[in-house]
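Please prepare a short briefing on the structure shown below.

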Amino acid sequence: MAASAKSFLADAGYGEQELDANSALMELDKGLRSGKLGEQCEAVVRFPRLFQKYPFPILINSAFLKLADVFRVGNNFLRLCVLKVTQQSEKHLEKILNVDEFVKRVFSVIHSNDPVARAITLRMLGSMASIIPERKNAHHSIRQSLDSHDNVEVEAAIFAAANFSAQSKDFAAGICNKISEMIQGLATPVDLKLKLIPILQHMHHDASLASSSRQLLQQLVTSYPSTKMVIVTLHTFTLLAASSLVDIPKQIQLLLQYLKNDPRKAVKRLAIQDLKLLANKTPHTWSRENIQALCESALHTPYDSLKLGMLSVLSTLSGTIAIKQYFSSAPGTTATTARSFDLVKLAQECCYHNNRGIAAHGVRILTNISASCQEKDLLPLEQDAVFGLEALLVLCSQDDSPGAQATLKITLTCMVKLVKCRPHLSQSVVESLLTQLHSAQDTARILMCHCLAAIAMQLPVLADGMLGDLMDLYKLIGRSATDKKQELLVSLATVIFVSSQKALSSEVKTVIKQQLENASNGWTAYRIARQASRMGNHDMARELYQSLLTQVASEHFYFWLNSLKEFSHAEQCLTGLQEDNYSSALSCIAEALKSYHKGIASLTAASTPLNPLSFQCGFVKLRIDLLQAFSQLICTCNSLKTSPPPAIATTIAMTSGNDLQRCGRISNQMKHSMEEFRNLATRYGDLYQSSFDADSATLRNVELQQQSCLLISHAIEALILDPESASFQEYSSNGTAHVESEYERRMMSVFNHVLEEVESLNRKYAPVSYLHTACLSNAVIALLKVPLSFQRYFFQKLQSTSIKLALSPSPRNPAEPIAVQNNQQLALKVEGVVQHGSKPGLFRKIQSVCLNVSSVLQSKSGQDYKIPIDNMTNEMEQRVEPHNDYFSTQFLLNFVILGTHNITVESSVIDANGIVWKTGPKTTIFVKSLEDPYSQQVRLQQQQGQPPSQQQQQRTAYSRF
């Protein structure tokens with residue numbers, strides 16, 4: 001079970017500090033000053049780790065200046081180490097504050113008599129091009145060094161020239177002629193020309209420069225027909241076109257021409273590689289003629305390796321807009337002509353090719369055509385795609401080699417895609433998968449189980465009849481404890497949980513538990529329990545968590561498993577709910593709440609400072625409050641029977657003009673209940689906004705909980721509180737086309753059913769009847785009968801993003817305020833670093849950071865005299881885009897009122913879709929606003945009754961200077 005630490009504490013440990021930044025820098029500085037070369041080198045190579053841990057400018061600036069000193073006075077080996085550190089820490093270079101000083105120390109070595117020292121310096125300058133793109137002395141040194149007689153120096157100058165050309169338009173324009181002279185000059189050796197040509201890919205800063213570079217490359221392709229020259233020139237040509245954009249169609253034609261006419265396989269392979277690059281980057285620029293030419297080349301080539309490459313380009317294009325252009329601009333659009341297209345012919349021919357890779361690309365093309373061209377009647381193509389996929393499945397599932405597994409992954413991905421867009425094919429695809437499962441290799445079985453689960457999540461295709469097959473297979477899995485068998489146990493269990501839509505039968509549970517006892521370790525049992533919790537099989541999950549409690553190594557893990565056991569037990573209590581049986585419903589909810597309260601106590605004990613489990617605690621607390629609100633609502637509905645309205649209720653209703661008062665106390669209780677549900681919906685919204693790193697299924701789950709709260713509050717309003725103004729338009733079902741899971745499907749059907757019931761009772765039997773209260777209670781029971789799904793983010797954090805803020809000025813002691821005079825403004829600088837876990841940007845990326853600064857007066861100073869108040873509070877907001885995970889900005893704050901002010905800086909992030917996520921952190925500092933000395937003196941004199949002297953009256957804040 002120790003392995004569970006990996007998921008449980010995933011990515012929690014970054015940013016932890018053993019030493020503070022200054023001590024760490026002093027430690028490395030001691031190494032740099034050492035007389036031993038080994039210690040100096042060791043100190044130099046430890047700098048990137050330091051930058052990673054303390055990525056703020058003040059430290060990085062000091063560190064780079066120390067490295068520049070080492071570079072200036074050290075030997076060539078030390079210089080090489082500094083160069084490597086600079087290249088590794090490229091994203092931190094822009095944080096150097098004293099760029100001039102840093103460059104001056106490095107640049108002094110360029111005048112050395114040692115060509116190797118000069119070469120290292122040129123490479124160093126090239127690596128720093130992003131922060132000194134327009135330094136003329138660097139430009140001049142690079143030009144000079146290109147004419148050197150030392151090969152090492154010339155190669156370093158070429159490296160620097162390429163880097164500066166990418167950053168500086170002036171340098172690129174100035175060096176272009178020099179490069180073309182060298183390339184065309186007879187004195188330049190061929191290997192040097194091959195290194196010079198790639199510099200031209202950076203000549204895209206303006207149209208004329210790009211055009212002259214293209215002309216030069218065109219001349220080179222014709223003048224130097226040797227294989228190496230053609231390959232380098234064509235690739236540079238492609239990269240230049242991809243950057244300058246306007247010449248991409250011409251470039252595609254040129255590459256297709258070489259692919260068709262050049263007899264050399266190396267050139268053909270390069271053309272295919274570049275076509276793939278352009279297909280990924282700009283699929284919309286491919287015309288029908290381009291795709292047709294590529295199809296013809298693929299149909300006629302005798303070489304499998306080239307055919308594979310061309311099909312790979314076509315399969316990339318088939319998943320984009322290019323495929324629609326290919327079919328739409330063609331003459332004739334009936335189903336008979338669909339098969340007559342060359343692309344379709346090629347794909348059908350390749351589906352059963354003896355090369356697995358070619359066959360995989362063939363079926364992928366057919367799948368993409370079936371998926372994207374749904375307006376056409378492509379029944380024959382669908383059948384071809386299914387047959388091709390089944391043939392590949394049979395072929396690859398018997399083979400254990402990595403190539404076969406890669407092909408199988410493509411095949412299974414295509415199956416999921418095909419079934420998603422053509423649901424009528426699902427039955428045959430699922431049957432072929434189940435048939436093949438028995439004879440397949442273990443590695444293939446795991447992948448096939450993932451595919452079955454993915455299909456069954458989208459469509460309820462795994463009938464109970466198929467469960468027998470799966471259970472037989474589960475029993476058959478050997479008793480060996482190899483990793484593959486363990487993985488297969490988890491995958492098969494997932495498919496079984498997905499396929500048994502309702503509760504698992506006791507027979508199924510017994511089989512799963514027996515197999516786990518026989519062949520598995522604790523980690524496998526935990527993973528299966530986790531999947532059971534995700535699929536809503538809480539009784540199975542509870543038993544597994546219970547069995548694992550005694551197998552863990554730390555008390556945190558014990559409390560974590562104990563909390564999961566209690567949550568599963570709580571959800572299990574809710575499965576016994578029945579419609580119209582309200583007293584048993586209340587006792588079930590009470591039992592569930594008892595377990596939830598035990599679980600939340602255990603979950604709090606499982607949290608650590610490194611892993612505070614904030615999402616889990618938030619989610620469970622909301623679930624507890626939601627169950628309490630549901631329980632309260634059923635009690636309120638019952639109160640119509642248990643506490644009927646008093647005799648004077650009718651009179652009160654007539655005098656107040658509110659018909660609802662005839663029903664007595666239920667009217668006020670319903671108002672409270674509706675507000676409670678709206679409040680819960682808002683809190684679910686806040687939880688959603690704070691979960692930037694969550695996967696889409698978890699976020700959808702939170703959204704469904706929020707919608708259930710809104711639904712009940714809407715039902716209370718429409719049935720009881722305000723039937724006249726209730727509108728059903730905004731709550732109407734928007735179709736279930738995008739349903740991603742069985743849980744979502746069931747929740748949506750409950751939502752629609754409740755809305756229909758409410759709409760049918762709306763404005764009938766006014767003001768409140770037993771039908772209304774029964775409808776509300778049944779809505780609550782229907783929602784609770786859908787087993788809650790604990791999604792992935794509850795257990796596992798795949799993406800991890802956090803922001804670290806540094807404010808300046810900042811006090812030495814956090815509790816100590818910063819002193820500011822009340823007639824001056826405080827310039828608050830906010831710097832921040834975005835820190836990522838092992839998979840940055842897996843679900844969403846940070847586009848910009850929103851910084852909100854506010855100040856509140858905490859305590860006034862003792863004096864009670866009047867001060868003209870312009871700005872009592874500060875409220876400011878700024879958006880900054882992080883560059884290389886770093887951002888900084890400044891705020892000007894006024895503190896006119898004397899006393900202690902509390903400044904709060906809060907950050908939230910905005911993703912690529914413009915959605916704001918409240919990720920935090922929130923930082924607080926204190927400012928003490930002091931009276932300026934002159935005003936203080938004037939005030940004291942006035943208090944003592946002395947008129948201020950003439951000279952003092954004329955004095956202003958500026959006259960002192």
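**Briefing**

The protein chain has 42 helices and 9 strands, where helices (H or I, at least four residues) and strands (E, at least two) are DSSP runs numbered from the N terminus. This is a predicted model, in which local features need pLDDT of at least 70 and side-chain atom pairs count only at pLDDT 80 or more, while totals for chains, interfaces and linings use all residues. Residues are numbered from 1 along each chain as its sequence is written, and side-chain values use heavy atoms, with hydrogens and water left out.

**Overall make-up**

- Of the 961 residues of the protein chain, 52% count as buried (under 20% relative accessible area; exposed is over 50% and partly exposed is in between, with a 1.4 Å probe and protein chains only).
- Among contacts (heavy atoms within 4.5 Å) between residues at least 6 apart in sequence, 74% join residues at least 24 apart.

**Helix pair α3 and α6**

- Two packed helices are described by the angle between their axes and by the distance between the axes.
- Helix α3 (residues 37–45) and helix α6 (residues 76–88) have axes that come within 9 Å and cross at roughly 10 degrees; axes are lines fitted to C-alpha atoms, for helices over the stretch in contact, and angles run from 0 to 180 degrees between N-to-C directions.
- α3 and α6 are therefore roughly parallel to each other (angles under 35 degrees; over 145 is roughly antiparallel, 65 to 115 roughly perpendicular and the rest oblique).
- On the α3 side the contact is made by L37, Q40, C41, V44 and V45, and on the α6 side by F77, L78, C81, V82 and V85.
- These contact residues divide into 9 nonpolar, 1 polar and no charged (Ala, Val, Leu, Ile, Met, Phe, Trp, Tyr, Cys and Pro count as nonpolar, Asp, Glu, Lys and Arg as charged, and the others, Gly among them, as polar).

**Cavity**

- The count comes to 1 cavity of 30 Å³ or more; a cavity is a set of points, on a 1 Å grid over the protein atoms alone, where a 1.4 Å probe fits but cannot get out.
- The largest cavity has a volume of about 60 Å³, a volume being the space filled by probe spheres set on the points, which are joined across faces, edges and corners.
- Its lining residues (an atom within 4 Å of a point) are R623, L626, F630, Q705, S708, Y743, M747, L783, L784, V786 and L788.
- The elements giving two or more residues to this lining are α34 (614–642), α37 (696–721), α38 (742–761) and α39 (770–785), and the largest share, 3 residues, comes from α34.
- By class, the lining has 8 nonpolar, 2 polar and 1 charged residues.

**Surroundings of F794**

- F794 is in helix α40 (residues 792–795) and is buried, with a relative accessible area of 2%.
- Leaving aside neighbours within four places in sequence, F794 is in contact with W560, L564, F567, F615, Q616, F619 and V620.
- The C-alpha atoms of F794 and A694 are separated by 8.9 Å, with the two residues 100 apart along the chain.

**Backbone details**

- S808 and P809 are joined by a cis peptide bond, with omega about 0 degrees; P809 is in the loop between β1 (801–808) and β2 (818–821).
- G920 and P921 are joined by a cis peptide bond, with omega about 0 degrees; P921 is in the loop between β8 (916–917) and β9 (922–930).
- L245, although not a glycine, has a positive phi of about 70 degrees and lies in the loop between α14 (227–244) and α15 (248–261).
- N884, although not a glycine, has a positive phi of about 50 degrees; N884 is in the loop between β5 (874–880) and β6 (886–894) and is partly exposed, with a relative accessible area of 32%.

Terms used: 1 Å grid on protein atoms, 1.4 Å probe; cavity = no way out; pocket = protein on both sides within 12 Å on 5 of 7 lines; lining within 4 Å.
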